[in-house]
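Colleague: I would like to learn how to read a model like this one. Can we go through it feature by feature?

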Amino acid sequence: MEQPVKIGLIGFGTVGCGVVAVLNDNKDIISKKAGCVIEIAKIADPDLERKRPVQVDKKLLTKNAEDIIADPSIQIVVEAMGGTDPALKYILSAIEAGKHVVTSNKEVIAKHLSQITAAAKNKGVKVLFEASVGGAIPIIAALRRSFSANKISEIYGIVNGTTNYILSKMTNEKREFEDVLKEAREKGFAEANPKNDIEGYDASYKAAILAAVAYGADVKWEDIRFEGIASISLEDIKYAGEIGYVIKLLAIAKNEGGVMDIRVHPTLISANHPLAAVNDEYNAIFVKGNALGSSMFYGEGAGARPTASSIIADIIEICDTGAKAYYPALNKIKIKSLDEGSTRYYIRLKAKDTPGVLASISGIFGQKNVSIREVLQKETVGDIATVVIIIHAVNERDFRQAMELISKLPHVTKVCNTIRVGME
Ligand code: HSE
């Protein structure tokens with residue numbers, strides 16, 4: 001057995017505590033796999049007073065992450081603090097000091113992977129980030145190694161545990177959004193600021209990382225179009241269910257002849273698709289490639305121990321002196337604009353229950369080349385009916401223009417929601 005490898009842990013929150021717990025619980029197996037004892041030498045966090053679910057020797061604790069960077073005995077820095085500032089600074093200083101880095105920080109990787117990779121390559125150190133997407137699911141390893149003989153064409157991911165938890169509890173238990181969100185926070189998989197989950201930021205970071213690893217796409221995060229789930233109501237979930245669909249927040253990354261279609265939005269997917277069966281905080285990533293066909297990865301995508309599982313696997317890979325450093329080859333790639341896309345849509349609107357209303361709606365759709373697949377009249381309250389319309393694939397710009405005109409029709413009282421359908 002080699003000398004112990006010392007690690008410095010920056011961030012002693014949910015994920016940091018998970019790393020300490022799993023390193024303790026699985027000490028023997030981890031040392032055997034790594035070929036050395038992995039020893040936590042220092043833990044940095046600005047708040048050392050908070051009660052935590054793990055006990056550590058107080059001598060290991062510091063409020064100052066620079067103490068870890070400056071410690072020459074520390075070979076691997078685990079960054080588990082999240083956000084970009086000061087996480088990026090610490091990652092770059094650790095690399096500069098010749099240390100390897102393992103991070104679960106999706107935001108910093110999504111926004112700064114090419115800078116971090118260049119710095120690591122320059123110093124000959126390894127930077128690994130398996131835990132940044134899908135918690136314990138080994139999707140980065142699969143895309144890097146197992147699928148490396150493929151041209152990957154499509155990736156569809158349920159990559160945010162909090163929103164999947166909320167949508168599946170709303171679907172299966174008919175519970176309201178706020179009530180379920182509270183529970184997700186108590187369970188420790190919602191971000192400190194749940195806006196990151198609910199509004200789609202977290203999933204957009206993961207989409208950027210998947211695109212980088214699968215396609216070598218140096219995606220400018222700001223160019224990714226993303227929407228969250230705040231607009232999804234129990235009504236949408238119910239009507240979607242009645243016509244054979246389930247609503248999921250999907251991160252989509254497709255390579256269309258060198259142009260990236262990358263986006264995050266709620267999507268109606270067929271109740272028969274394997275992604276539809278992914279419930280609660282579970283994540284799943286569905287990949288298509290020209291040799292592999294289709295493959296789906298499923299597992300715990302958030303929380304202390306699943307995230308620690310991937311972080312420690314990366315530490316073990318670094319300890320394997322035979323493992324070559326991984327530097328994703330990144331190239332600037334054009335991202336398809338919103339207007340270029342063509343999508344099917346679900347529309348829920350309220351209109352006066354009177355002759356000619358549907359005719360005027362279909363007239364506008366006809367003018368804008370929108371072909372209707374299905375129209376369902378749902379509950380009527382007084383003289384106002386809820387109408388659900390499913391349309392065939394349509395250019396996004398034409399769709400927006402049609403909806404703008406429909407919302408102004410005299411008998412249409414409200415366009416309640418429009419949600420994309422399917423995975424085209
Ligand atoms: N807040 C994230 C989620 C944690 O809910 O999936 C994992 O990145």
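Modeller: Start with surface patches. Patches are made of residues with over 30% relative accessible area and no salt bridge; like charges are joined within 9 Å, and nonpolar side chains (Val, Leu, Ile, Met, Phe, Trp, Tyr) within 5 Å. Accessible areas come from the Shrake-Rupley method with a 1.4 Å probe, and for residues only the protein chains shown count as cover. A salt bridge is a side-chain nitrogen of Lys or Arg within 4 Å of a carboxyl oxygen of Asp or Glu. Here L358, I372 and V375 form a nonpolar surface patch, with about 210 Å² of accessible area together.

Modeller: Two notes on the source. This is a predicted model, in which local features need pLDDT of at least 70 and side-chain atom pairs count only at pLDDT 80 or more, while totals for chains, interfaces and linings use all residues. Residues are numbered from 1 along each chain as its sequence is written, and side-chain values use heavy atoms, with hydrogens and water left out.

Colleague: Where does I372 lie?

Modeller: I372 lies in strand β15. Helices (H or I, at least four residues) and strands (E, at least two) are DSSP runs, numbered from the N terminus. For exposure, buried means under 20% relative accessible area, exposed over 50%, and partly exposed in between (1.4 Å probe, protein chains only). I372 counts as partly exposed because its relative accessibility is 30%.

Colleague: Which backbone angles deserve a look?

Modeller: Most residues other than glycine have a negative phi, and most peptide bonds are trans. K174 has a positive phi, near 55°. It sits in the loop between α7 (161-173) and α8 (177-186). K174 is exposed, at 61% relative accessibility. N369 is not a glycine either, and its phi is about 60°. The loop between α13 (357-367) and β15 (372-381) holds N369. At 62% relative accessibility, N369 is exposed.

Colleague: Which residues does a cis peptide bond join?

Modeller: D85 and P86, with omega about 15°. P86 lies in the loop between β4 (76-79) and α4 (87-96).

Colleague: How do I read the cavities?

Modeller: Rolling a probe the size of a water molecule over the atoms shows where empty space is left. On a 1 Å grid over the protein atoms alone, a cavity is a set of points where a 1.4 Å probe fits but cannot get out; lining residues have an atom within 4 Å of a point. Grid points are joined across faces, edges and corners, and a volume is the space filled by probe spheres set on the points. The count is three cavities of 30 Å³ or more.

Colleague: How many salt bridges does a search of the whole structure find?

Modeller: It finds 37. In one of them, K123 pairs with E96, the closest N and O atoms being 3.8 Å apart. K123 lies in helix α5 and E96 in helix α4, so the pair ties together parts that are 27 residues apart in sequence. K123 is partly exposed, at 37%, while E96 is exposed, at 54%.

Colleague: Are D202 and K206 buried or exposed?

Modeller: Both are buried. Their salt bridge has its closest N and O atoms 2.6 Å apart. D202 and K206 both lie in helix α10 (residues 201-215), four residues apart, about one turn of the helix.

Notes. On a 1 Å grid over the protein atoms alone, a cavity is a set of points where a 1.4 Å probe fits but cannot get out, and a pocket is an open set with protein on both sides within 12 Å along at least five of seven lines; lining residues have an atom within 4 Å of a point.
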